[in-house]
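Please view the sequence and the structure together before reading on.

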Amino acid sequence: MYGDGIGKTIITGNRHDTGELKNTSTFQVWGRRFIALHLTFQNTAGPEGGPAVAFLSGSDTSAVYQCSIEGYQDTLFTFHSRQFYKECQIYGTIDFIFGASQAVFQDCDIFLRKPRLGGGLVMTANGRKRSNQTGGYLLQGFKINVADDLKSVVGQYKKAFLGRPWFAYARTVYMQSFLDDLVDSQGWLDSWGYNQTAYCGEYKNSGPGSSTDQRVNWPGYQAITDPNIANQFTVAEFINGTEWLPTSGVPFVPGFEIQ
């Protein structure tokens, strides 16, 4: 499925608070090998709309390239299976990249939006439930930005968190990414009591929010220094991307990016 470019071909909706989270989705895909190019997916329910999904994917070996996925809370629902996002823009406020998929986000731009009154900013909420499951997130070459609606009032809100474990064995790694000073010095948040089993890693990130000196003291938190450990989360290793991405036509870096 392809369009004329971000902001030119727009798939939009405003469903929210339906009682079933996936039913708020503006767009859903379930078939294998789905590819999206040059599109915008929106949910315009707004910061007061609560959970409102713009894009939901349960497509194994799917790829999304140069698309914009725009919402507030629960913007992008990576429902299950292997997924790859390249050079995308993802907008939201809280838990706006979430789900149980095994997904890689490479060279994407995050835009933190103005949350509802009293709300917070949390970028990811991975939903890996069991230790023998393959789910988890790699965010590589990421750049965190402040969206226009937040810029003028950014000082009125608490710092943003890289993620919070949605289920017991959540797994999220930030690698070679630029972390803005809006990132809280603790990095990670535990809202559901999974800090003893979740895995959160950071490897060779840069920017004013990248220091790991004051990060959370969780058993599963790791400021990764060993490239052999980090390599397990690359495109080639984590989602077996070299086996299926070449036929998609979507560019990718199989290992570490050159810095």
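How many bridges join S11 to strand S14? Four bridges do so, and the two strands run parallel.

## Basis of the report

The structure is a predicted model, in which local features need pLDDT of at least 70, side-chain atom pairs count only at pLDDT 80 or more, and totals for chains, interfaces and linings use all residues. Residues are numbered from 1 along each chain as its sequence is written, and side-chain values use heavy atoms, with hydrogens and water left out.

## Strand S11 and its partners

Helices (H or I, at least four residues) and strands (E, at least two) are DSSP runs, numbered from the N terminus. Two strands pair if DSSP finds at least two bridges between them. Strand S14 comprises residues 122–126, and in this strand Ala-125 is the bridge partner of Phe-98. S11 is also joined to strand S8 (residues 76–78), by three bridges and again in parallel. Thr-78 stands opposite Gly-99 of S11.

S11 is mostly covered, with six of its six residues buried. Here buried means under 20% relative accessible area, exposed over 50%, and partly exposed in between (1.4 Å probe, protein chains only).

## Nonpolar cores

A nonpolar core is a set of buried Ala, Val, Leu, Ile, Met, Phe, Trp, Tyr and Cys residues joined through side-chain atoms within 4.5 Å. The largest one has 44 residues, of which Phe-55, Ile-97, Phe-105, Leu-112 and Met-123 touch the most other members. Among the elements that give two or more residues to this core are strand S2 (27–29), strand S11 (94–99) and strand S12 (102–106). A second, separate core of 18 residues includes Ala-63, Phe-84, Val-104 and Ile-224.

Contact means heavy atoms within 4.5 Å. Not counting residues up to four places away in sequence, Phe-55 touches several residues, including Phe-27, Phe-41, Ile-69 and Tyr-85. Ile-239, in the loop between helix H3 (235–238) and helix H4 (241–244), counts as buried because its relative accessibility is 0%. With the close sequence neighbours (up to four places away) left out, Phe-84 and Val-104 are among the residues that Ile-239 touches.

## Salt bridges

A salt bridge is a side-chain nitrogen of Lys or Arg within 4 Å of a carboxyl oxygen of Asp or Glu. By this rule the count comes to five. In one of them, Asp-60 and Arg-82 have their closest N and O atoms 2.9 Å apart. Asp-60 lies in the loop between strand S5 (55–57) and strand S6 (62–65) and Arg-82 in strand S9 (residues 82–86), so the pair ties together parts that are 22 residues apart in sequence. Asp-60 is buried at 17%, whereas Arg-82 is partly exposed at 23%.

Asp-95 and Arg-164 also meet in a salt bridge, at 2.6 Å from N to O. Because Asp-95 lies in strand S11 and Arg-164 in the loop between helix H1 (148–151) and strand S17 (171–175), this pair ties together parts that are 69 residues apart in sequence. Asp-95 is buried at 7% relative accessibility, and Arg-164 is buried at 13%.

## A buried charge without a salt bridge

Glu-70 is located in strand S7 (residues 68–70). Glu-70 is buried yet has no salt bridge; the nearest side chain of opposite charge, Arg-113, is 4.7 Å away. For charge, Lys and Arg count as positive and Asp and Glu as negative, while His and the chain ends are not counted.
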